[in-house]
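Keep the viewer open and click along as you read.

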Amino acid sequence: MGDKEKLILDEPVEEGVHHIISKKNAKLQKGYFQLPWYFAGGVVLFWALLFVSVVKPLFYRLPEPQTLEDAPNGGFIAERAYANLYEFGAIGTKVVGSDNNEIKTVAFLLKEINLIKDNLNTDLFELEIDVQRAYGAYVKWNLVNMYQGIQNVVVKLTPKGSTSENYVLVNSHFDSQPTSPSTGDDGHMLVSSMEVLRVISSGNETTQHTIIFLFNGSEENSLQASHAFIAHHKWAKNCKSLINLDAGGSGGREIVFQTGPNNPWLVDLYQKNAKHYFSTVMAEEIFQAGLVPSYTDFAIFVEFGNLIGLDFGQILNGFVYHTKYDSIDVIPRGALQNTGDNLLSLVRALSNAPEMKDMESNESGNMVFFDVLGLYLIKYSEETGVKLNYAVAAATIILVYVSLLRTASVSKESNGKIFGWFILVQVLQVIAFVLALALPFLMAYGLDKYGYSLSYFTTSSLLVGLYVCPSLIGLALPSYIYLKFQTYDKVSYAQHVQFALHGHGIVLALLVAALTYYGVRTTYILTWTLIFYVVPLALNLLSTLHDRGLSWTGVLKTFQLAPFLYNSYLCFTFIIIFIPMMGRYGVDTNPDYYIGGLTAFGAIFSMGFLIILIHVSRRSGLVLLGLLAVTAASVYVATSTDIGFPYRPKTNVQRIPYLQVRRIFYEYDGTVIKDESGYLFNFQDRRGSKPLVDAGVDLTGLVGMEEDCKKYMFCGVPQYDHRWVESMEVNKWLPRKNQVYTPAEPSLELLNRTISEDGTILRLEFKLNCTDHTSIFIQPEEDATISDWTFLKDYITSQTPPYHIYFSYGIDKSPLVFFIEVKKTDGDFNVPVVRVGISVQFMDSKGDKEAQVFSEQFPKFGVIIQWPAIYKRYIY
């Protein structure tokens, strides 16, 4: 501002021209405090480049893989593990009950373990090998899971001279889903465990506690093998702590997504011993909230064995999970090295942990923990987290109050006027926060309504325009409007920008207090975001930079580096995890709500304070127009070009599970009233059948199952497992004229039919010849009840009919013999009293010629998971 302008502004004026001078004064002050227009665009570009150049490389980094030449150093050798993985993958699919799983894979494991035993350091260790063949049952997912001849390969590594009776359990599984060679899930983890066993058993470092390496043979089949071990194995009762290894993807770093429960020392052990950090309590809370459509053995060990431990999972490239593309080609040696380095160090640490000696005396409680860009780990107790959260929320409110008082003092305005302005700004910032969430949700709704959900499934960069930009517009628009129409007589433009920043801080502080009250440990994200606003605010107040135009922005932007880097890293992590999951989230759920919400929260926490800083430059509205233009362009690309089509062959496939079904209904007198065939589709993503029809697949006659679900128990079709049962009402049926061929038919033979002495109970004894994957559905008539049966009796009292028994066998293929006792108070058993459905799967068959021709119609972007199945309904 020149001397002439100062004289004009300082010179007394007549009241008649006061309004003109005030407007000029406001413009001069506003111009003085604003930076050039291109500054705002430069700020946005700077943070985008920072994400690309720092966050993404750190997320994808992997250690240098070790070769056989490094073996004398005593570390994990990725080259050796990779060779094992290649041999494991070459076996092919390993479905429970198949020769590949029960014979070939078990033989492969025993061969490798015996080679390890040949190189055992006998001065330090003893090694025992046991092949478990287990029989049992348990209740989970509202059904009875029953197994027969399920196999586990178990290795016990005992340090000589140890008197400890507390063992460490290291679990991975070797079975697979149909069609998948399971190289990532769970071959990656299995060969890593094997290499760790090799290194420890042949090395010169002993352990204080025995280590059990469990290679379990039925995880994909409702977690049966982990239950078989923990409930029936001779070494299970001594297992006290656990490292569980599983996968929801393939080829990257493994994340810790569950700890404990209630044993904080495990997080401490991870912090001190892991070589490559990757963990967050947010993953634990999301998984335990049921938002992930997967399960791991960890839950079985905790529920049925009262174990504690760490649950690890591969999460990168979930597109290949449970498909034929889960092969060794997508797993770099560096990924094995990352897992191996961590696992070797953690197994050694856990097997020497003093906490293992007296498990009952360990401190209880939960932890708040998170890695920072994989470089280091921050952890503290939940109790400390509660105190920190409330303290930071309170500090935010207090410092904002002090800032407002300082502004009033410097500007010579009354406190009432300053607080009045701030209340208005605060209301606008609440609106901004709501808009930042609402606009992405509105976008998700609109895309889904017009059939364009999942448009980001392959091209994830579309998320920037579809959801990030609308969220940022929502955050910045209310404050932009406020600043545009505000006058700047005494309180400078820069101070009004501070009001907007303070308003956003107060919104976060209130959220911190509310989420802490409800016990959400993931609140740490907001707390640490606020810390890096509160600290620079305090420094600006103490140094008086707070009152010097835009000087305070330098300190704030410097401190905002930390929350931006961490929050964008965290958001990116969960986007990588969740996008592939949206391809199996079901047709009845709009996945864009989840991805849009996640992306919006990432934008709010990463850029919440930064986007408001665009207002310190002239024409910040250009930035908003730019964001709007990017959004419009992204919508166009998503809806009008092939880029927005979700699927790609091999890399980003649409999962197409269906069964070739024959279903037969017998009446009470044994006559057949229905014998029909068709294809039962279990579409797993929102777009359902539409992409297939558009690609030329003939699905004429495809209908819903609603009517059948009303008439028949479990819809009268051969439901595969509990996931199919959960989605049975949205499955689709495509009739077929010719009868579906099945390699065999289940045989349900009634062995005995007896009535109790008091005449109120009918006992039916059966022998069932079936396949390795069979379901039994039982529904008593309305005037009857099931009083007893072969299966778990607790299930009858805890569940309402119809009942579901999921039965599998591994190496033992003998028929299932069972009984049902039906009670009727009137004693009339000359009428129907119970309905029995038998659902049998033939996973090792491709089906008849017609079914194979049908399968060839499907486009290359789809991955088919199908086999013949038969359902028989009996009435007794």
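1. Start with the rings: this predicted model holds 57 aromatic pairs. One of them is tyrosine 658 with phenylalanine 858, a stacked pair at 5.6 Å centre to centre and with 25° between the planes. The two partners come from distant parts of the chain, 200 residues apart: tyrosine 658 is in strand β10 (residues 654–666), while phenylalanine 858 is in the loop between α25 (849–855) and β21 (862–875). Are these two residues buried or exposed? Both tyrosine 658 and phenylalanine 858 are buried.

2. Staying with rings, have a look at the cluster that ring pairs build from Phe51, Phe59, Tyr60, Phe278, Phe370, Tyr524, Trp528, Tyr566, Tyr569 and Phe572. Phenylalanine 59 has a charge over its ring too: the charged end of arginine 253 sits there, 5.5 Å from the ring centre. Elsewhere, lysine 140 lies over the face of tryptophan 141, with 5.6 Å to the ring centre.

3. Arginine 253 turns up again around leucine 62, a residue whose contacts include Gly251, Gly252, Arg253, Pro332, Gly334, Ala335 and Asn338, once residues up to four places away in sequence are set aside. You'll find leucine 62 in the loop between α3 (38–60) and α4 (78–90). Glutamine 337 is 275 residues away from leucine 62 along the chain, yet their C-alpha atoms are separated by 7.9 Å. Leucine 62 counts as partly exposed because its relative accessibility is 30%, which falls between the cut-offs of 20% and 50%.

4. Now compare phenylalanine 532, in helix α16 (residues 524–543). Which residues does phenylalanine 532 contact, leaving aside neighbours within four places in sequence? They are Leu556, Phe559, Gln560, Ala562 and Pro563. Alanine 137 is 395 residues apart from phenylalanine 532 along the chain, and here the C-alpha atoms are separated by 53 Å. With a relative accessible area of 22%, phenylalanine 532 is partly exposed, since buried would need a value under 20%.

5. A polar atom of the serine 727 side chain is 3.2 Å from the backbone oxygen of arginine 723.

6. On to strand β5 (residues 239–247). Eight of its nine residues are buried, so β5 is largely enclosed by the rest of the structure. Strand β3 (residues 167–173) runs parallel to β5 and is joined to it by five bridges. Strand β7 (residues 308–314) also pairs with β5 in the parallel sense, over seven bridges.

7. Four bridges join β17 to β19 (residues 816–823), and tryptophan 789 stands opposite isoleucine 820 in β19.

Definitions and conventions. Residues numbered from 1 in each chain as written. Predicted model: local features only at pLDDT ≥ 70, side-chain atom pairs only at ≥ 80, totals over all residues. Heavy atoms only, no water. Polar contact = N/O pair within 3.5 Å; in protein donor to acceptor, adjacent residues only side chain to side chain. Helix = DSSP H or I, 4+ residues; strand = E, 2+ residues; numbered from the N terminus. Buried < 20%, exposed > 50% of the residue type's maximum accessible area, 1.4 Å probe, protein only. Contact = heavy atoms within 4.5 Å. Phe/Tyr/Trp six-rings, centres within 6.5 Å; stacked < 30°, edge-to-face > 60°. Lys NZ or Arg CZ within 6 Å of the ring centre and 35° of its normal. Pairing = 2+ DSSP bridges.
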